Amino acid sequence: MYEQNAPDEAFGFGVVFSARTMSELWKNDQETHARIVAASVAVSDMELRHPRATLRYGGFDFSSISRRELLLILQEQAAEAGATLHFGHPAAPGSIDEADVVVYADGASSSHRDARPERFGTTVRHGASPYMWLGTHAPFDAATFSFVETENGHFAAHAYPYADGMATVVIECDPGTWKASGMDRTGDFSRNSGGSDEESLGHLGELFAEHLGGHKLIGNRSRWSTFRTVHNERWSDGNAVLLGDAAHTAHFTVGSGTKMAMEDAIALAAA
Ligand SMILES: Cc1cc2nc3c(=O)[nH]c(=O)nc-3n(C[C@H](O)[C@H](O)[C@H](O)COP(=O)(O)OP(=O)(O)OC[C@H]3O[C@@H](n4cnc5c(N)ncnc54)[C@H](O)[C@@H]3O)c2cc1C
């Protein structure tokens, strides 16, 4: 396994898994399932905070976990199963083709897939609405969907707890609201190429102050982005197989991309 980053380097904050996803994993790998469950936070309520009313619904069984924690568990389980893991090792397209099977799990902007898009039948569509992936110490106890109305338009936030005292927050808005609020002019990374868009973080923290209860928004290379919908007509070409976001993405509002990546691996192993 060749990974360009360090072992504990994860983008974003937490991810959620539905009870059904977890039962698929349990059927295929009980040890990894047990470790993920032990490191997860169980959430069962959803809360919709509309400016005119707050609605709360129960009975949605899901668990959430820190992405960094999940990566470390998967790495240890892979090593335990006999895999050799190389970190800080970028693999350029064409550099690792000498194997019986080569699995490309290099994300939505997969360079290995994009080196031969016609072979996979790749299309990538960029969504219009800008979003930013953030964290906070604010105590959310449910998957919470809140809206803030400003003179420039509406902002929406999806938030849920994923560890003791930590929650993920994804904030999005439509392109008109984004531009009118000056968010298209923030984020000069010329002196800090790996940093977060601190100006937007501060502004969004003020907009959502009521929902954050005095807590700040935290960045992890957090910048405005638009969601990429990746589609491939074929998921393999010769001895190369695409897996996870390299093959297909699922919008973050349905919280299923990581689940699909793990289920791809289960299906590939079975095949
Ligand atoms: C805001 C947001 C919230 C989300 N929330 C959820 C959620 O709650 N639940 C859920 O299931 N999913 C969620 N997702 C989706 C999830 O993050 C992705 O589907 C998942 O990370 C895909 O995993 P992957 O391994 O395919 O790709 P990635 O996680 O992108 O990993 C690709 C890896 O490949 C490495 N790499 C890339 N190129 C090279 C190279 N040339 N050489 C070596 N290494 C390379 C990268 O460093 C990276 O570590 C969310 C996504 C977003 C944007």
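How far is an oxygen atom of the ligand from an N or O atom in the side chain of Glu3? Select both: the distance is 2.7 Å, within the 3.5 Å cut-off for a polar contact between N or O atoms.

Before moving on, note that this is a predicted model, in which local features need pLDDT of at least 70, side-chain atom pairs count only at pLDDT 80 or more, and totals for chains, interfaces and linings use all residues. Residues are numbered from 1 along each chain as its sequence is written, and side-chain values use heavy atoms, with hydrogens and water left out.

Next, pick Asn5. One of its polar side-chain atoms lies 3.2 Å from a ligand oxygen. Then go to Gly255, where a polar backbone atom is 3.4 Å from a ligand nitrogen. On its own the ligand has 1000 Å² of accessible area (Shrake-Rupley, 1.4 Å probe). The protein covers 82% of that area.

Finally, select Leu134, Phe155, Ile171 and Leu204. These have the most contacts inside the largest nonpolar core, which has 20 residues. Core members are buried (under 20% relative accessible area, 1.4 Å probe, protein chains only) and joined through side-chain atoms within 4.5 Å. β12 (166-173) gives the most to this core, with 4 residues.

Notes
Polar contact = N/O pair within 3.5 Å; in protein donor to acceptor, adjacent residues only side chain to side chain. Buried < 20%, exposed > 50% of the residue type's maximum accessible area, 1.4 Å probe, protein only. Helix = DSSP H or I, 4+ residues; strand = E, 2+ residues; numbered from the N terminus.
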